[in-house]
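Work through the exercises below with the model open. Each task is followed by its solution.

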Amino acid sequence: MEKMIAFCGLICSECPVYIATKTGNTQLQEQLAKDYSTDSCKFEKEDMICSGCHSADGANEKMCLECPMRKCGMEKNVAHCAECAEYPCQYIEDYVPVESSNRKVLEGLLQR
């Protein structure tokens, strides 16, 4: 599977929801729905479908459709936030902590 990186630095191709979608693994989707559910947010198997945030149909309504970084990146037509002239913007500061793996991915892409 080709490495794919989301706007926020998440490596989509390593994400279990993305993998379950691409492989059609409904059992994994069911398990992920249970694993990701909380008392305040319940997920169903159908919520565990993602083709990556770059895909027009890839944003799951419950998980990513309203993601401000996705919206911004789509509007600016960048591959990831590190390509943006405004990086790191307030979205990055608010949602992608400096020590997170996603931030480290973006910082690595910035240095290329």
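A crossing is left-handed if the near helix is turned anticlockwise from the far one by less than a right angle, and right-handed if clockwise. Helices are DSSP runs (H or I, at least four residues), numbered from the N terminus.

The model is predicted: local features need pLDDT of at least 70, side-chain atom pairs count only at pLDDT 80 or more, and totals for chains, interfaces and linings use all residues. Residues are numbered from 1 along each chain as its sequence is written, and side-chain values use heavy atoms, with hydrogens and water left out.

**Exercise 1.** Describe how α1 passes α2.

Step 1. Take the axes, which are lines fitted to C-alpha atoms over the stretch in contact, with angles from 0 to 180 degrees between N-to-C directions. Those of α1 (residues 16-23) and α2 (residues 26-36) come within 9 Å and cross at roughly 160 degrees.

Step 2. Angles over 145 degrees count as roughly antiparallel. The two helices, α1 and α2, are therefore roughly antiparallel.

Step 3. The crossing of α1 past α2 is left-handed.

Step 4. Find the contacts (heavy atoms within 4.5 Å). α1 uses Pro-16, Val-17, Ala-20 and Thr-21, and α2 uses Leu-28, Gln-29, Leu-32 and Tyr-36.

Definitions and conventions:
Parallel < 35°, antiparallel > 145°, perpendicular 65-115°, else oblique.
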